[in-house]
Amino acid sequence: MPFITSMLSGEESEKNDVDVKQEALHVQEKREEVEKKVSLKGVELLHTTSESLLEATTEGLSAIEELRSTMESIAAAAEESAGASEESLSAVNQIKTTSTAILKKSESSALEIQRLEESLSSSANRVIESSLSMRKIAQSAQDVANGGKRLQNAGEEISQAVALITKLAKKTSLLALNAAIEATRAKESGKSFSVMAKEIRFLSAKSNEYAKEITGSVQNIQNYVKRVIQNIETTQESVEEAASDAEENAAIMKEMVKELVSMVEDVMQSVTQFEALDVEIYKMQQASETIASAAEESAGAVSEVTQTISMQATAFEQSNAAAKMLARLAQRLQANPDDDEIVNELASAAEELSSAVEEIENSMKQSLVALSQIEEAADISKEDAQKAAEIAKKSSEISQNIQHRIVEINAKLKDIQHDFAKSVQKVATAGERSKENLKANEDVLVDVKQIKKEVRLLKKILRKIELTFVQTASLSINSSVEAMRVGELGEGFSVVSNDIRNLAESSEKSLDRINDIVDNLEDETENIIESVDKMLLLGVKEAEALIVLSKQMQSATEQIAHSVSTFEQIEHSIDEIEEALKQTALAAEQTVSAAELAHKNASESKKAAEYITKTAETMAEKVSELIELAADMKDT
């Protein structure tokens with residue numbers, strides 16, 4: 001029994017060993033079956049993952065190319081925007097420089113016109129003073145003319161008195177002849193009568209000669225007086241005409257002064273408008289600088305995205321190559337599931353792919369930030385460009401208003417220049433007339449002094465003729481006395497002597513009248529000389545004043561010409577501003593278009609970038625699965 005038992009025990013023991021071996025084999029088979037299933041599942045997953053990655057990298061490369069294309073458009077738009085902003089900024093800076101220069105010129109012109117107004121006002125006042133002086137000269141000329149007429153009348157009165165004296169002298173001569181006849185009749189007793197009659201005839205002849213001399217002297221005086229009156233009336237007419245011209249000229253100059261005062265106000269209003277334009281230009285300058293800064297920032301962002309795209313393209317190409325390698329590894333694993341080398345290659349490819357995908361994700365994030373910057377820069381550029389366009393339009397309206405005002409100012413200034421040139425010519429003419437009047441007055445003075453000389457000569461002749469009258473009267477008295485002594489024989493001579501004495505007395509009365517006239521004539525001559533001296537003094541003073549005035553007015557003429565030139569320069573500068581504003585407005589329009597295009601392209605690029613990011617995220621998920629798969633394969 002023990003043996004059986006022992007055999008049974010041995011059999012059982014063998015049976016148990018077989019069972020154990022069969023169980024172990026069964027487990028091994030199951031294990032191998034599981035490993036085979038796992039390996040097949042891994043290969044299948046590897047196939048699927050590699051295909052997904054290959055598809056993702058292919059789509060990523062396509063998206064990258066699309067992004068590259070849109071970035072080229074953005075770069076072109078950015079370049080256009082940068083060019084437009086640079087052109088705009090250059091134009092605005094030029095406008096600013098020109099506007100500042102015009103503002104200074106306008107302020108300087110306002111001061112220059114104020115000085116011109118003061119100069120013209122002073123000249124107008126001096127012309128008024130000149131007209132007053134001319135009126136005084138004209139009054140003096142009138143006084144001289146009136147004095148000359150009085151001299152003329154006095155000469156006529158002297159001529160009448162001399163004619164009477166001549167008539168009396170002839171009568172006296174006849175009476176003396178009668179006295180000689182009476183003396184002959186008295187024979188021996190009439191010898192003294194004969195001598196006295198002869199003497200009286202001699203005196204009568206002398207009186208007649210003196211009367212002729214007086215007549216000649218009076219005639220000379222009348223000739224001089226006639227010339228004096230002619231010259232002085234011509235002078236008076238010339239001076240009165242010059243005075244009227246001066247008054248008219250002064251009135252015109254006063255109107256010029258009013259125009260200049262109004263012009264200063266217009267220029268100051270233009271200065272105010274220029275200051276307003278300067279403010280607008282400063283705003284436009286700031287907008288242009290902002291646009292230029294945004295363009296520069298956009299260009300930097302574009303450059304950054306462009307560089308990133310190149311990196312992304314390289315990363316996607318690497319990813320695509322890795323995906324293709326995975327496909328090949330999947331095929332090899334399918335044939336050799338237990339090949340550890342292939343699994344190691346798989347793990348290495350997964351790690352490389354993970355690094356590439358990570359690089360894509362990081363660079364795409366940077367690209368999205370840069371694209372957002374481009375969008376923001378485009379929005380800023382568009383907004384500021386629109387502002388710049390509005391400012392340019394407003395500035396253009398202001399500059400056109402200024403231009404219109406400046407054109408009006410310069411037109412008025414040119415009218416003043418033309419009128420003032422006439423005023424200067426009138427003053428110059430007045431100066432020439434003053435010189436002519438001085439010469440004429442000197443001629444008048446020479447003639448009046450000749451009259452004075454003739455008056456002195458006349459007085460000498462009158463004293464001589466007065467002496468003959470006295471002598472004749474004395475002889476007539478002696479004759480009367482002698483006639484009384486002779487008695488009856490002297491009665492005729494006595495009558496004649498009385499008649500001669502009466503004629504002598506009448507002649508003396510006429511002579512007294514002439515003396516009174518001559519005294520008045522002498523006084524009148526002195527008055528005329530005094531008036532002419534006064535005219536000469538005023539004339540010299542006036543001539544000198546007109547010379548000074550003409551120089552002052554010539555200086556004002558140069559000031560007006562300079563102001564006209566300055567305003568013409570301002571007109572030209574405003575034209576330049578207007579042209580620059582047109583360029584600025586055009587550049588603003590180009591900037592708006594470029595900004596809108598840049599924004600549109602940036603938005604599209606962001607969509608592409610977002611798509612690429614999602615693709616990268618998908619790839620990252622697949623790569624993670626792949627890494628886990630590789631790890632599982634290593635473990636098994």
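**Figure 1. Overall architecture of the predicted model.** Helices (H or I, at least four residues) and strands (E, at least two) are taken here as DSSP runs, numbered from the N terminus. By that assignment the protein contains four helices and zero strands, and its order along the sequence reads α-α-α-α. The structure is a predicted model, in which local features need pLDDT of at least 70 and side-chain atom pairs count only at pLDDT 80 or more, whereas totals for chains, interfaces and linings use all residues. Residues are numbered from 1 along each chain as its sequence is written, and side-chain values use heavy atoms, with hydrogens and water left out. Of the 636 residues in the protein, 44% are buried, where buried means under 20% relative accessible area, exposed means over 50%, and partly exposed lies in between (1.4 Å probe, protein chains only). The protein exposes about 32,600 Å², of which carbon and sulfur atoms supply 50%; accessible areas come from the Shrake-Rupley method with a 1.4 Å probe, and for residues only the protein chains shown count as cover. When contacts between residues at least 6 apart in sequence are considered, 96% of them join residues at least 24 apart, a contact being heavy atoms within 4.5 Å.

Figure 2. A salt bridge is a side-chain nitrogen of Lys or Arg within 4 Å of a carboxyl oxygen of Asp or Glu, and a search of the whole structure finds 21 of them. In one of these, Arg-433 pairs with Glu-241, with the closest N and O atoms 3.2 Å apart. Because Arg-433 lies in helix 3 and Glu-241 in helix 2, this pair ties together parts that are 192 residues apart in sequence. Arg-433 counts as buried at 17% relative accessibility, whereas Glu-241 counts as partly exposed at 39%. Asp-266 forms a salt bridge with Lys-412, the closest N and O atoms being 3.7 Å apart. Here too distant parts of the chain are linked, with Asp-266 in helix 2 and Lys-412 in helix 3, 146 residues apart. Asp-266 is buried at 15% relative accessibility, while Lys-412 is partly exposed, with a relative accessible area of 29%.

Figure 3. The side chains of Glu-280 and Lys-394 meet in a salt bridge, at 3.3 Å from N to O. This pair links distant parts of the chain, since Glu-280 belongs to helix 2 and Lys-394 to helix 3, 114 residues apart. Glu-280 is buried, with a relative accessible area of 8%, whereas Lys-394 is partly exposed, at 42%.

**Figure 4. Residues brought together from separate stretches of the sequence.** Val-261 is placed in helix 2 (residues 191-335), and although 148 residues separate Val-261 from Ile-113 in sequence, their C-alpha atoms are 8.2 Å apart. Val-261 is partly exposed, with a relative accessible area of 35%. Glu-375, found in helix 3, counts as buried at 14% relative accessibility. Leaving aside neighbours within four places in sequence, Glu-375 is in contact with His-599, Ala-602, Ser-603 and Lys-606.

Figure 5. Patches are made of residues with over 30% relative accessible area and no salt bridge, like charges being joined within 9 Å and nonpolar side chains (Val, Leu, Ile, Met, Phe, Trp, Tyr) within 5 Å. Leu-174, Leu-177 and Ile-181 make a nonpolar surface patch of about 270 Å². Leu-177 is found in helix 1 (residues 2-185) and is partly exposed, with a relative accessible area of 37%. A patch of negative charge gathers Glu-617, Glu-621, Glu-625, Glu-628 and Asp-632 on the surface. Asp-632 lies in helix 4 (residues 491-635) and counts as partly exposed at 43% relative accessibility.

Key. Lys and Arg count as positive and Asp and Glu as negative; His and the chain ends are not counted. The place of a charge is taken as NZ of Lys, CZ of Arg, CG of Asp or CD of Glu.
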